[in-house]
Amino acid sequence: MYFKSTRDTEEKKLLSAQVIKQGLADDGGLFIPTEIPELTESEVKKLATLPYPERAALVMGKFLTDFTYDELIADCEAAYAEASFPGGAAPVVNIEKNLYSLELWHGPTAAFKDMALQLMPRLLVRSLRKTGENRTALILVATSGDTGKAALEGYRDVDGVKIMVFYPVDGVSRVQKLQMATQQGSNVNVCAINGNFDDAQTGVKKIFSDTEFAAELDKNGYFLSSANSINWGRLAPQIVYYVSAYCDLMNEGKISYGDKINVCVPTGNFGNILAAYIAKLMGLPIDKLICASNVNNVLTEFLRTGTYDRNRKFHVTMSPSMDILISSNLERLLAFVAGPEKTAAYMKSLNTTGAYTVEPDVLAKINESFVGYYTDEAATGAEIKANFENLGYLHDTHTAVAVNAARQYEAQTGDVKPTVIASTASPYKFAADVLVSLGGDRPADDLEALDKLSALTNTEITSPLRGLGERAVRFTETIDPADMPAAVKNYTK
Ligand SMILES: *Cc1c(COP(=O)(O)O)cnc(C)c1O
């Protein structure tokens, strides 16, 4: 199995280890497989008899053909162990009639990014060895909160890597700060920055582009790497849970093999829903992919009109991981549907004018699979309240957007196929907004919101967030952005 850039007309082919090591293609495009491997009926039926780590190793093995099964199963078993995902990696819960919640937040940071970030670091280390790299990878991350914590948990105690995370001292919530400052692991470091997220991001970018600095690190046996969200190594693990959900629905007798399901995903960077599309291309019986957005509805507009236009007002919402105007992974869909030449032209137009329009036939092809719906803040809050009061199920703010979109789709089309909704975060991850949506008062800080939400709903605080206030703080340093290179050097001494 080979990979190529979304913008490459010459089809320069690379193996998956190189693609995972490199992250982004040389021409600025993203990597996609040159062909889509097939997932047959007998394979799906076999996967249905297996536990999650084996499902993951077998599905991933179709793309990572330069990895052995033994390597993949070892990594998948370590990544999706009961200790990291108590109660299973991706359980499916029937919330109402034909609606199912695919709970992707049972990992160490209580959000779905763990599904990829628990596995990807292990694949990266193997990729480095496979491509002849013997130095230690130093992962540098600037974070506005959630990605930093998920990366820390993913890379902690993985051999051959160290990770250092910078966050703005007053730019993250108290829960996020505590999550990072109490991080366990022998190869992790966390540092607060006097400044905002942009200062942290700029500081990290400067270090990455400093060749003298790289030479000095090299002398000490290190090289810099990023935990980039558009890396194929982060996308591939996300294909697995859609296959797994289909298997679970078969096992529960809700569907028979061949019955089509719909999938609804609360979408930001378009990675999660693209993984579902790839599962469909492989042959998993999926009909519609419902792309759910909040009032930052650039994707809804694109899927309805064929015009992607980022020149619009940016809204801060209670589903912040979907507050995005450029959905990077959409480029992969464009490459699959329209080919590299057109994709390169769309991206050029996006860079220069902030917009592009696809041809009617391209839009029609996209609409064979994708439909778009969006939800405003009031409807999102009402959805959380109604689902809890009527169904006894508590959604986080992102997933509530998706539930609302799935209901809009059904009301408009009458399509009542079983619909799997990707549940991307524990309601406790966004406790204050969930609490207010249920009619509670907004608490003074979000640590208090955890307890109040638990008391109001009579549910348990998700385990990674429990007892956060009592954990030992390991990292207390706050530095100026100018001192970031020195801090990194100090860490690699
Ligand atoms: C990252 C994230 C999303 C968006 O996922 P994409 O793959 O970027 O579309 C949705 N919900 C939550 C809670 C997230 O953390």
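Biologist: Leaving aside its neighbours within four places in sequence, which residues is tyrosine 155 in contact with?

Modeller: First, this is a predicted model: local features need pLDDT of at least 70, side-chain atom pairs count only at pLDDT 80 or more, and totals for chains, interfaces and linings use all residues. Residues are numbered from 1 along each chain as its sequence is written, and side-chain values use heavy atoms, with hydrogens and water left out. Contact means heavy atoms within 4.5 Å. Skip the neighbours within four places, and tyrosine 155 is in contact with Leu117, Met120, Pro121, Leu124, Ile139, Val161, Ile163, Asn187 and Ala227.

Biologist: Which residues touch the most other members of the largest nonpolar core, and which helix gives the largest share?

Modeller: A nonpolar core is a set of buried Ala, Val, Leu, Ile, Met, Phe, Trp, Tyr and Cys residues joined through side-chain atoms within 4.5 Å. Buried means under 20% relative accessible area, exposed over 50%, and partly exposed in between (1.4 Å probe, protein chains only). This core has 114 residues, and Tyr80, Tyr155, Trp232, Tyr242 and Tyr356 touch the most other members. Its largest share, 13 residues, comes from residues 232-251, helix α11.

Biologist: How many helices and strands does the protein chain have?

Modeller: Both are DSSP runs numbered from the N terminus: helices are H or I with at least four residues, strands are E with at least two. Counted like that, the protein chain has 21 helices and 15 strands.

Biologist: Why does the radius of gyration of the protein chain agree with a compact globule?

Modeller: The radius is taken over C-alpha atoms, and the globule rule is 2.2 Å times the number of residues to the power 0.38. For 493 residues that rule gives a value near 23 Å, so the chain agrees with it at 22 Å.

Biologist: How much space lies in the second largest pocket?

Modeller: Picture a 1 Å grid over the protein atoms alone: a pocket is an open set of points where a 1.4 Å probe fits, with protein on both sides within 12 Å along at least five of seven lines. Points are joined across faces, edges and corners, and the volume is the space filled by probe spheres set on them. For the second largest pocket that comes to about 370 Å³.

Biologist: Which residues of its lining are closest to the centre of that pocket?

Modeller: Lining residues have an atom within 4 Å of a point. Helix α7 (residues 146-155) gives the largest share of the lining, 3 residues. There are 21 lining residues, and the closest to the centre are Ala83, Ser84, Pro108, Glu153 and Arg156.

Biologist: How far apart are the C-alpha atoms of glycine 23 and alanine 227?

Modeller: Glycine 23 lies in the loop between α1 (16-22) and β2 (31-33), and is buried at 6% relative accessible area. Glycine 23 and alanine 227 are 204 residues apart along the chain, but their C-alpha atoms are separated by 8.7 Å.
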